[in-house]
Structures are given as structure tokens and as C-alpha cells.
Amino acid sequence: MRLIIYVMLLLYPFSLLSAASGGKKEKNLSDEELMTLVQKQTFRYFWDYGHPVSGLARERSNGNDDIVTIGGSGFGVMAIIVGAERGFVTREQAAERMLKIVSFLNDKNTDSYHGIWAHWINGQNGETISFSRKDDGADLVESAFMFEGLLAAHQYFNKDNQVERRIRGLINDLWRQAEWNWFTKGGEDVLYWHWSPNNGWSMNHQIKGHNECHITYILAASSPTYPIAESVYHKGWANSIVFKNGKKYYDITLPLGSDYGGPLFFTHYSYMGLDPRGLKDYYADYEEQMKAHTLINRAYCIDNPKGYKGYGEQCWGLTASDGDKGYSAHCPGNDRGVITPTAALSSIPYAPEYSLQAMRYFYEELGDKLWGEYGFKDAFNLTADWFAPSYLAIDQGPIIVMIENYRTGLIWKLFMSHPDVQKGLKKLGFKTPYLN
């Protein structure tokens, strides 16, 4: 029996050890130990709970196990890179999982539309699962989050062996097949979010900033095969009534976006690969934007104008998540008393001291109800004495990746090193240390 356990530990070191530790809390951790623990436990969502056929990330822990999310899976790709680099799994294990993912995405039976995937697909067979009544085709933004991860993976899996060469080759194929310029709907100076073979352009959702979609325009400009013109960025993305801001909130100037900045995932999703440090264009200094948005969100929670229980210096962070009254994009303009751990934790590159305070509070003070097998549960409302039973891929992924970007800059360095990305940034007039 002892020999069997030993062999199993060799074959499945991460899964068995993590399962053994369960959700029990460890005491008196240093900041470094706490960050590693949070990353490792959260990583299990993408590793242990990844779909067994496709390797992609399931949408949520309390739903249909065959629904995988393309955007959340892009975050999962980046999380797998972090897991390999941190030693949660071996590089070889990570490469095998990555090969499973990119092989599935490239399979002729996996639905795509002009090289772009749907928001949700079936992890068993690759068929599109409708996200809403007319959203049953291509989702350009969710696919951009996937390509953000894939281009980082292309740079990470750079060894000259059969598996890693195959990974790079399949990623190149997927990247070159994506018809970004087709989503200008016949040559308009703006990108459109959705297209469906059944409903065409009827969703009619133009992608305009400032929000979580910045990466979509960066990638569309970077494409080696189907790029958008520079004008699409300036006349589309930047031509929005909620693009420029410049007002002060809690004595903090917010360069871009809606009042108070909106939900904090605006500072996470596009900037898991796209490094905002020193990133500037005609419109903004994006490092300044990320810091301002984070600090305003925290200051609002400290101010707590609606008097919710628990809000304060250590308990802050409003973003889209589950809530006691359903899923919602929580923010100062839509404050329902719901704090979401990913909001503060994924903002750690922009306010490390405050994010670590929140991390420690969530773990040490609320961990008995908030900490579980895949890290921090999705959200909580202390006023309603409610803690989510769920984990969501789009919330778990940024926690792992942004903690790593704070610690080592790993995913930022990988994504920003891709030659096509650098060409796209130059084309759109960006300045960044990566182009020097």
C-alpha cells in the first residue's frame, strides 16, 4: 500500500498534496508564503477542475461541467504557465496540458467563426453553447483573452522538443487564422463584439473604451494576417462618451473611464498580458490609470456611503461576480454590499500594500467561510451574512496571474516579448519600455 501511495505521489504530486490539505488554513504566514499559498490553491481550479477532454476551464464550479469559457480559459492558460514556473506542476506536465488545450482549439470539430470562438463552448465536443438568445457565435473579446494567454504560452514553451514545438506551431496556426479585420463589419472604423451564423450582426455591440476590452484592439492591430487599420483604434475604441475622464474622486484623478472607474476587472483582464508599466499612448499613461482606478475603488469602500457591514481599509474591492442577489458588475455606481476577493487581490501590482492587507484579512479573518478547495470563493456580503458557494474561472485566473506579475512580471514579460505584439503597439503609437 505504501508503494502505491508513493508512485501516485510521483505521478500526481500537485493534485494529491493539494487535496490532502483541502481548505484548511495555515497560520502565521509571511507575505511571500501567503501569496504562494493563494496562487497554489487557486491554481487547482484550472488544474484539478480543468475539463478532462479539452483541458479548458469550466465556467464555474456550480454549473454545467461541460460549459467551458473561452475568456476564462485564456486566463487559465496564463495560470498554467505560472503553475509550471512556481513548481506547482512540472514543466512537462504543463506542456502536456497546454498541448491538449491547443489541439482541442485547433480541432476541425471545435466551432469557430472567422477564426474566433464563442463565449462558451462544450468541453466535450467543441460545439458552441449559446451565451444568450442571439449570442450564439463569435465573441471577439472573449477570444482576445484567449489569444492573450496563447501568445504568452507561445513565448514560454520555447524549448526544442517535440511537445513544445507542437504547442508553438498550433498557437501560430490559431493566431494566423483569426480574422480580426472582419469584425469591422465591412470596413467600419470600429470593432464589433459579436457575430453569429444564425443572427449575423444583430447584437450590434460596438467595442468602445475605456473598459476591459483594450487588449482586443491591441491584438487586432498586431495580427500578421488580418490586422485592423490604425484608424479603427482611434475612431472606434477611443471614440466613446465614457473614454476620457480627468475628474477627481477622493482627490485622485482618473484619466479614463466612467465615474469612479467602474468595476475593477477593467484593470485586470486586458492587463494580465499587456504590461501597463510605462505604457503610454496619445490618450493616457496606463500605469497611472490602473493605480488611480484601484485607489478610487478602495477609497469608496472605506467611505462606504451606503453603510454596508465590513467595508473598510482591509475589506474592499468591487467588481463583477456572484452576489447574494445574483451575478452583477459591482462597482461604486452599482454597490450591493458585495466584496469580491479577485478585485483587491488582482490589483496587487497597483497597490501592493493594500492588496496584501486585504489578502490577509480575507484569509485570516474570513477564511473559515471564504477559503476552500480552489482558494477564495467568489464573493461575500457581510451585511446579508452571505458567502458564495462558487468559484468562477474569470475571477480565479486574474488572482494567480496578477500576483505573479507583481512578484516577477512573468506573464507581462512573456506577452510583451512577442514580436507581433510589439509591431502592433508600434503601429498604434504606444510607448513602452519593451520597445526601447
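**View 1. His114 sits in the loop between α5 and β2.** This close-up comes from a predicted model. The backbone at His114 has a positive phi of about 55°, although His114 is not a glycine. Most residues other than glycine have a negative phi. How accessible is His114? His114 is partly exposed, with a relative accessible area of 28%.

**View 2. Asn304 lies in the loop between α10 (286-303) and β8 (320-321).** Here, too, the residue is not a glycine, and phi is positive, at about 50°. Is Asn304 buried or exposed? Asn304 counts as buried because its relative accessibility is 14%, and the cut-off for buried is under 20%.

**View 3. A cis peptide bond joins Gly209 and His210.** Omega is about 0° at this bond. Most peptide bonds are trans. Where is His210? His210 is in the loop between β5 (194-195) and α8 (214-222).

**View 4. Helix α5 covers residues 91-106.** The helix has 16 residues. From the first C-alpha to the last, α5 reaches 22 Å, close to the 22 Å expected at 1.5 Å a residue.

**View 5. Several elements cover the buried residues of α5.** Which residues of α5 are buried? They are Arg91, Ala94, Ala95, Arg97, Met98, Leu99, Ile101, Val102, Phe104 and Leu105. An α-helix has 3.6 residues a turn, so residues three or four places apart point the same way. Look for that spacing in the list. What covers these buried residues includes the helices α3 (31-47), α4 (70-86), α6 (140-156) and α7 (162-177). The strand β2 (120-122) is also part of the cover.

Definitions and conventions
Residues are numbered from 1 along each chain as its sequence is written. This is a predicted model: local features need pLDDT of at least 70, side-chain atom pairs count only at pLDDT 80 or more; totals for chains, interfaces and linings use all residues. Side-chain values use heavy atoms; hydrogens and water are left out. Helices (H or I, at least four residues) and strands (E, at least two) are DSSP runs, numbered from the N terminus. The expected span of a helix is 1.5 Å times one less than its number of residues. Buried means under 20% relative accessible area, exposed over 50%, partly exposed in between (1.4 Å probe, protein chains only). Contact means heavy atoms within 4.5 Å.
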